[in-house]
Amino acid sequence: MGAVAGVGLVGPSLLAACGSDDKKTGGNGGAASKSLWFENWPAYIDEETVDLFKQASDLEFRYTESYNDNNEYFAKVQSDLAAGRSIGPDIIAPTYWLTARLINLGWVQEIPFDKIPNAKNLVPQLQNPGWDPDGKFSLPWQSGMTGIAYNIKTTGRELKSMADLFDPAFKGKIGMLTEMRDTVGLVMLLTGEDPATATMDTAEAAFAKIQGAKDSGQVRQFTGNDYMDDLAGGGFAACIGWSGDIGQLALDNPDLRFVIPEEGGMSWSDTMVLPNGTEHVANAAIWMNYVYDPENAARIAEYVGYNSPVAGVQEIFAAGDDFQKALAESPLLFPDAETTARLKVFASLDEDTEAAFDERFSSIVGA
Amino acid sequence: MAADDDGDRTKRRGRWVPFGLLSPGMIWLGLFFLLPLVTLARTSLSVKESRFAVDAKFTWEWSNFTNAISDYSEQFVRSFIYAGTATLLCIAIGYPVAYVIAVRGGRYKNALLGLVVVPFFTSFLIRTLAWATVLADNGPVLGMLERLHLVGTLDSLGIVQNGGLLSTHVAVIGGLTYNFLPFMILPIYVSLEKIDLRLTEAAKDLYNNGWQAFRRVVLPLSLPGVFAGSLLTFIPAAGDFVNARFLGGPNNTMIGTVVQDRFLVQLDYPTAAALSFTLMAIITVATLVYARLLGTDDLV
């Protein structure tokens, strides 16, 4: 969440217009078109892979990083998708729950798996996932874990439980994520509930706990990606964070730690989907096949530090240089079976339940 | 005959000139202000049939307004307190600055005015983020306060909370004051610049001392500038969400934060529209009352 998409007094129909300004530059389609546009989250690929793909594929590949926030992106593209118009990018990278919403709304196309032989490398636990039960509409980009990130210089001790985030000693030094499923999911685990089967009833204790921490000033801020600055700068003693971020930050600052709480952690995936109206499906397949090649997947994983959905990456690291060998051993990139067993994926919520969750969470976050 | 005809035509054409000159502005406002406003009004009285429906159905849904006001009265009140405090601070800081530049500026006038405007060369967002950096826990301000052993005192005053300057009322109000200060200084400067300073000499001839001359002559004559500056500060500050977002915490959200969240996260356009309209209505009434109180007859 680097930038703020500030739209105050604009009607929904005008909001929609913001999403379509690049539409015409995407190339003019047709089977022979060489163009392909992937809109991804910031800092989610190494530049080398983009260049190598351009050389290998001979496509006019456009890679943008304007995908900053799931909700804001959805608000931006929804009227185009609802009206059956192209939104511009051929591939976008929604997080799993938004992927489920897009599939349910019928706004994404099937992935042409017959043209993606490397899709066989998808790790077994991500085949036919909860958000895409038939595994037809999405292909994971990267997965990651949500847990506790802390700065041991500020906390003065190791943390191991979500209860530590509610320790009065850290009053005003705690950060939580605006990503509802991450924050509510972790606190639900603390209250002894299972986020994988969450309902408004089972989540109520967690909501009340977060509300209390906000009212008392325990929580300094609810953030997106920007929690990293606060953590490194000492503004946060501890916060809810994402595994890959801390892996990268810890290279420069060994005081930063990441732990999956003893109550359990959350697991998530960002996925590649093809929004309706995309004309370059065949080109998208070439890209997906490329990044599902373990060598290419390893190069990406080395840079982003999350959990690659492609099998064989760990073996490539293990055979690589010292840095890669260390990555192969990293519990952040390759969590062991014991850790994986403690990870949960947040329940798929139907439209009304999701609205109720968002509403309740929003009222706590202060808006 | 022919000459008369020409004269008539010129005169007739002359009658249309004001309309011609006004039309670009009118068309612009009509298209980009009035039309969206009407759409917004319609949306504020509509219901969405489902959460992800793009269009809302117009049903005279007045409950959007009552709900918006009752659910978010806290943020409304907070927005007006923050904006009001920031406006008063801007007057307190900006008036002396404008006075010195206008009256004592001499040949440095333009340079000084330039300095007032310099921060505007960077974007609003960058300026606010810069403030967040300055006020951060490992930033220069807190570091200096720690060295002066003032943190404890400021903590008891509520300026520092939990050892930090960010996520406090003070940080948000400070950010608003900083960001809108030039909008206060410039109009006050203009109104002071126009005052014939011989009037103060006349006041002194009539046995006023310096302070009396200022209070009875300069201050009243500069009120239109204060009025204009207050509007330019208060109105955008009340609807702002950037300062609350980057300098405040979850207990410092303003109504702009709520509108942004309703529009972009909850996709609840009717409530967002109702909130926007309520904000506009309150500001309009406040402005009219303020204009009455200050007497804006001779506003420029």
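Ala43(A) sits in the loop between strand S1 (35-39) and H2 of chain A, and its phi is positive, about 50°, although it is not a glycine. Helices (H or I, at least four residues) and strands (E, at least two) are DSSP runs, numbered from the N terminus.

Before going on, a word on what you are looking at. This is a predicted model, in which local features need pLDDT of at least 70 and side-chain atom pairs count only at pLDDT 80 or more, while totals for chains, interfaces and linings use all residues. Residues are numbered from 1 along each chain as its sequence is written, and chains are lettered from A, with ligands numbered from 1, in the order in which they are written.

Now step back to the whole of chain A. It has 15 helices and 12 strands, and its C-alpha trace spans about 65 × 55 × 35 Å along the principal axes. Its radius of gyration is 20 Å, which agrees with the value near 21 Å that a compact globule of 367 residues would have. That radius is taken over C-alpha atoms, and the globule rule is 2.2 Å times the number of residues to the power 0.38. Of the 367 residues of chain A, 49% count as buried. Two residues are in contact if their C-beta atoms, placed from the backbone, lie within 7 Å. Among contacts in chain A between residues at least 6 apart in sequence, 79% join residues at least 24 apart.

Chain A is divided into domain 1 (34-138 + 273-292) and domain 2 (145-267 + 344-365), with bounds that come from an automatic or database domain assignment. Taken over C-alpha atoms, the centres of these two domains of chain A are 28 Å apart. Five residues of domain 1 of chain A are in contact with five residues of domain 2 of chain A. On the domain 1 side, these residues are three nonpolar, one polar and one charged. Here Ala, Val, Leu, Ile, Met, Phe, Trp, Tyr, Cys and Pro count as nonpolar, Asp, Glu, Lys and Arg as charged, and the others, Gly among them, as polar.

Next, have a look at a pair of helices in chain A. The axes of helix H6 (residues 180-190) and helix H7 (residues 200-215) of chain A come within 8 Å and cross at roughly 105°. Axes here are lines fitted to C-alpha atoms, for helices over the stretch in contact, and angles run from 0 to 180 degrees between N-to-C directions. H6(A) and H7(A) are therefore roughly perpendicular to each other; angles under 35 degrees count as roughly parallel, over 145 as roughly antiparallel, 65 to 115 as roughly perpendicular and the rest as oblique. H6(A) brings Thr183(A), Val184(A), Val187(A) and Met188(A) to the contact, and H7(A) brings Ala203(A), Ala206(A), Phe207(A), Lys209(A) and Ile210(A).

A loop residue is worth a stop too. Ala237(A) lies between helix H8 (227-233) and strand S8 (238-242) of chain A, and is buried, with 26 other C-beta atoms within 10 Å. Leaving aside neighbours within four places in sequence, its contacts include Tyr150(A), Thr154(A), Phe170(A) and Ile174(A).

Helix H11 (residues 294-304) of chain A has buried residues as well, among them Asn296(A), Ile300(A) and Val304(A). Their cover includes helix H2 (47-57) and strand S5 (139-151) of chain A. Just after H11(A), Gly305(A) takes a positive phi of about 75°.

Then there is chain B, with 13 helices and two strands. Its radius of gyration is 25 Å, well over the 19 Å that the globule rule gives for 300 residues, so chain B is more spread out than a compact globule. Of its 300 residues, 36% count as buried.

Finally, the two chains meet: 38 residues of chain B are in contact with 38 residues of chain A. The largest share of the chain B side, eight residues, comes from H12(B). By class, that side has 17 nonpolar, 17 polar and four charged residues.

Notes. A residue is buried if 20 or more other C-beta atoms lie within 10 Å of its own, exposed if 12 or fewer, and partly exposed in between; C-beta atoms are placed from the backbone.
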